[in-house]
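Here are my notes on this one, in the order I'd go through them. Have the model open alongside.

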Amino acid sequence: MLDPNFNPAIRVRGLHNRFGAQIVHDGLDMEVEQHEIFGVVGGSGAGKSVLLRSILGLRHPDSGSVEIYGRDVESLATTDRSSLVQSYGVTFQNGALISSLTVAQNVQLPLREHYSLSEKTLNELADMNLLMVGLVPDDGAKFPSQLSGGMIKRAALARALALEPKLLFLDEPTSGLDPISATAFDELLLYLHAQLRLTVVMITHDLDTLFQTCSRVGVIIDGRMITDTLPGMLTNPNPWIQEYFHGPRARAAAMEAGKDGNG
Amino acid sequence: MTDPLALEPDGDGWRLKLFGDWSLAGLPRIEARLNSLPATLHGNVVCDWTDAQTPELSPAWALLRRLAEAVPPLNVRHAGNPPHFLDLLEKLHVERHAAYSQQAEPTLEKLVGKLGRWSVLQGVHARGVIVFLGRIATVVGAAFRRPRAWRISSLVRHIYETGITAIPIVALIAFLISVIVAYLGAQQLARFGADIFVVDLVTIATLREMGVLLTSVIVAGRSGSAFAAEIGVMQLNEETDALRAMGMNPIELLVVPRVLALVIVLPLLTVIADAMGLAGGGLLSLINLHIPLPQFTARLRESLSPTTFWSGLVKAPVFAILIAMVGTYRGMQVRDSARELGRLTTVAVVQSIFMVILADALFAVLFVQIGF
């Protein structure tokens, strides 16, 4: 098993990824500390999802190394995949709930795969995980197609948490949600982050989420990553970062976050 | 391995000592031990977490659930540096209780409700079929006044995909089946010394029934499923809604070209299947029965009545309409999920083959009645 107290939780060194002639990552470095919420931003096509897939061991990078808890992901993916996948939870952009299973069965799916537990316990664990993300046990009997967007994101989070990982990857967790649901999701994330002592890596375009939740941010520009705290990012001279964090939307989000911080 | 828990009397109650691995990985063993806790557990229970290693939520939840099941309720306390997340679990526990005590719908009402919902659904489905037929009729009717509505390029694409690309498989299967029929027929007929009637058997069976029926079944499997799947995915992607929102009619764009394409293609494929069937019969007669080809063709002419060929071919457009309509209708029904898509694609194939065979039976009765 991987040691969840190893610091840094994730270390990416010199990552190169290309599709044909198109270079996506050109020597990208990234480090995620224990117990932080790390936001990954970048323009469309900057390679955020490719980075995520490389870290998860779903994609073989062209060169460079990815370590989770000090262990090389590529070698783990071939030798000890089950330890690797039990060390993290992932939610995908559109939920990726298995549509032929109910929500409760989706949550139980990884538990069934990795442990032999009685039906009673599995049902109770499904209840627990659903309650934890703010759903009710009745929602467990529904199929993913019967859920609203916000509920799908929550159910996906419940499934990601089922194996009790200490490391959570979220791909656009608030995209497609109305501001009220998105804010509720941010609050849920902060609550679970504190209660379960999670390390979170989040790809997001939602500036509100970024300002409300993230302790550090990594920006992918030209295949490399610039990492800094949010206040640091606001004073970064890079033109893309300037535009990203000083556009009208960012100003509004920053003001909101500032108000919350003072009040 | 240490026993994950031990129960000791403690003053006026019990002390539940937790040992060893209390992470999720230890849950299977913990679960078994929890189930063997005595049912008589009562009064005060203190959970002692001192020796529990790496406690995680799932085993703690299983413990809380087990202790909560006791009647009368236990008075549970936690001691010995309990894990930080117990407050969260207690909170979830209260929420769960609130959620479960709300429900409990009586069984009878549930049953009646189910029956009612089912009946209404059947009505809705029947109406859906009629509306679908009506829509197609309107589009086709309107297209006679507005030639652009025929969507020629789409029609051509479907003719190519459902027709041209189906030729090899249709030809091969028609050929093989007719060889099989001729071979088995020859064995039986040879016992009466009536070998030559193999020619009658093959030609009449192929032209009247097998050519068109086999072709229809193959096309239902190939194209009926493709229609349902293509249109179903467009439904899931909201492409049909997008078309509607741009003022286009999905029936005109998606359904009618497919129906028309099959109506054009299926008779042509049937002709090919007929020809290959006769070729198969001829070849087997030559090799197995030593009937030379001129004699085969002469016998073939004698065995045919003027209507034999047409009585097979006339069924093809009808089968085509059935297959195409079932496929496209099921595709248009897809809503919400990939599961529906798979289910309705299967339904489309099974139902279109069933409809084809049912229609074929009706044709057989009709042809006998009118002496066709």
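1. A quick word on terms before the helix pair: axes here are lines fitted to C-alpha atoms, for helices over the stretch in contact, and angles run from 0 to 180 degrees between N-to-C directions. Keep in mind, too, that this is a predicted model.

2. With that settled, look at α4 (residues 103–114) and α5 (residues 119–132) of chain A: their axes cross at roughly 115 degrees and come within 9 Å of each other. The crossing of α4(A) past α5(A) is right-handed.

3. Which residues make up this contact between α4(A) and α5(A)? From α4(A) come A104(A), V107(A), Q108(A), L111(A) and R112(A), and they meet L122(A), L125(A), A126(A), N129(A) and L130(A) of α5(A). By type, the contact residues split into seven nonpolar, two polar and one charged.

4. The C-alpha trace spans about 55 × 45 × 35 Å along the principal axes of chain A.

5. Of the chain A contacts with a separation of 6 or more, 67% are between residues 24 or more positions apart.

6. Chain B is another matter to look at. The domain assignment divides chain B into domain 1 (5–102) and domain 2 (151–370), and the C-alpha centres of these two domains of chain B lie 66 Å apart.

Terms used: Residues are numbered from 1 along each chain as its sequence is written. Chains are lettered from A and ligands numbered from 1 in the order in which they are written. This is a predicted model: local features need pLDDT of at least 70, side-chain atom pairs count only at pLDDT 80 or more; totals for chains, interfaces and linings use all residues. Two residues are in contact if their C-beta atoms, placed from the backbone, lie within 7 Å. Helices (H or I, at least four residues) and strands (E, at least two) are DSSP runs, numbered from the N terminus. A crossing is left-handed if the near helix is turned anticlockwise from the far one by less than a right angle, and right-handed if clockwise. Ala, Val, Leu, Ile, Met, Phe, Trp, Tyr, Cys and Pro count as nonpolar, Asp, Glu, Lys and Arg as charged, and the others, Gly among them, as polar. Domain bounds come from an automatic or database domain assignment.
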